Amino acid sequence: VGLYTSLVVINGNPAISYYDQTNRDLKYVRALDLNGTNWGPPISLDTVIASGTYTSLAVVNGNPAISYVDQTNGILKYVRAQDANGTTWGSPAAIDGVGLYGSLVVVNGNPAISYWDGANAQLKYVRALDATGTNWGTPTTVDGAFFVGLYASLAVVNGNPAISYWDGSTNADLKYVRALDAN
């Protein structure tokens, strides 16, 4: 049942976010030990039909958080746990009306997501205005050339956000871009 998986160590133990293809919803599961030998029960986080694809799991301000796509409504979403293990979760927030291949990372203290805007076929980046991801800024087009930004991966490189991605337009090249500032 697990598609679009993302694996991160959460409070010392491995945890996975994934799309439950059978039930068509977003799930989260955390191991009960540091080696991942025993696992707790999966938790359904968003049960809107076809919600939970392209998951990206990260630790945000001490708690697990996930960016993902609600394909039924075509929305990039974000949800954050209310505790360090991910046993209880807040309500999902809509970030943008589009957004595939998201990559969630903490940038300069706040969560940020790089993603492909499928409607305009462009690479985008958005950063929260606070450390928990309650409020989000306006998405920025990083590469506006047509059909670029697929399979984006976001990281902080030498203090600034950087994104690797695929330029599928005419060159079919791997590309890299780094911001000029820390946000």
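1. Start with one residue pair. Valine 105 has alanine 112, in β10, as its bridge partner. The model is a predicted one. Six bridges join β9 to β10, residues 110-117, and the two strands run antiparallel.

2. Now widen the view. β9 and β10 belong to an open sheet of four strands, ordered β9-β10-β11-β12, with antiparallel pairing. The edges are β9 (100-107) and β12 (140-143). Each has a single partner strand, so one side of each is left without a neighbour in the sheet. From one strand to the next, the twist averages 25°.

3. There is also an open sheet with the order β5-β6-β7-β8. Four strands form it, and their pairing is antiparallel. Here β5 (51-60) and β8 (93-96) stand at the edges. Each pairs with a single strand, so one of its sides lacks a neighbour in the sheet. Neighbouring strands are turned by 30° against each other on average, direction ignored.

4. Look at β5 and its partner. Seven bridges join β5 to β6, residues 63-70, and these strands run antiparallel. Valine 60 has asparagine 63, in β6, as its bridge partner.

5. Next, the largest pocket. It holds about 170 Å³ of space. Its lining has 13 residues, and Tyr125, Val142, Pro161, Ile163 and Ala179 lie nearest the centre. β12, β14 (160-167) and β15 (173-178) each give two or more residues to this lining. By class, the lining has eight nonpolar, three polar and two charged residues.

6. The count of salt bridges is seven. One of them joins lysine 124 to aspartate 96, with the closest N and O atoms 4.0 Å apart. This pair links distant parts of the chain: lysine 124 is in β11 (residues 122-127), aspartate 96 is in β8, and they are 28 residues apart.

7. Lysine 124 also meets aspartate 117 in a salt bridge, at 2.9 Å from N to O. Are these residues buried or exposed? Lysine 124 is buried, because its relative accessible area is 13%, and buried means under 20%. Aspartate 96 counts as buried at 17%. Aspartate 117 is buried too, at 1%.

8. Lysine 175 and aspartate 143 form another salt bridge, 4.0 Å from N to O. Lysine 175 is in β15 and aspartate 143 is in β12, 32 residues apart. Lysine 175 is partly exposed, with a relative accessible area of 26%, whereas aspartate 143 is buried at 12%. Elsewhere, salt bridges that share partners join Asp46, Asp70 and Lys77 into one network.

Conventions
Residues numbered from 1 in each chain as written. Predicted model: local features only at pLDDT ≥ 70, side-chain atom pairs only at ≥ 80, totals over all residues. Heavy atoms only, no water. Pairing = 2+ DSSP bridges. Axes fitted to C-alpha atoms, helices over the stretch in contact; angles between N-to-C directions. 1 Å grid on protein atoms, 1.4 Å probe; cavity = no way out; pocket = protein on both sides within 12 Å on 5 of 7 lines; lining within 4 Å. Points joined across faces, edges and corners; volume = space filled by probe spheres on them. Nonpolar A, V, L, I, M, F, W, Y, C, P; charged D, E, K, R; others polar. Salt bridge = Lys/Arg side-chain N within 4 Å of Asp/Glu carboxyl O. Buried < 20%, exposed > 50% of the residue type's maximum accessible area, 1.4 Å probe, protein only.
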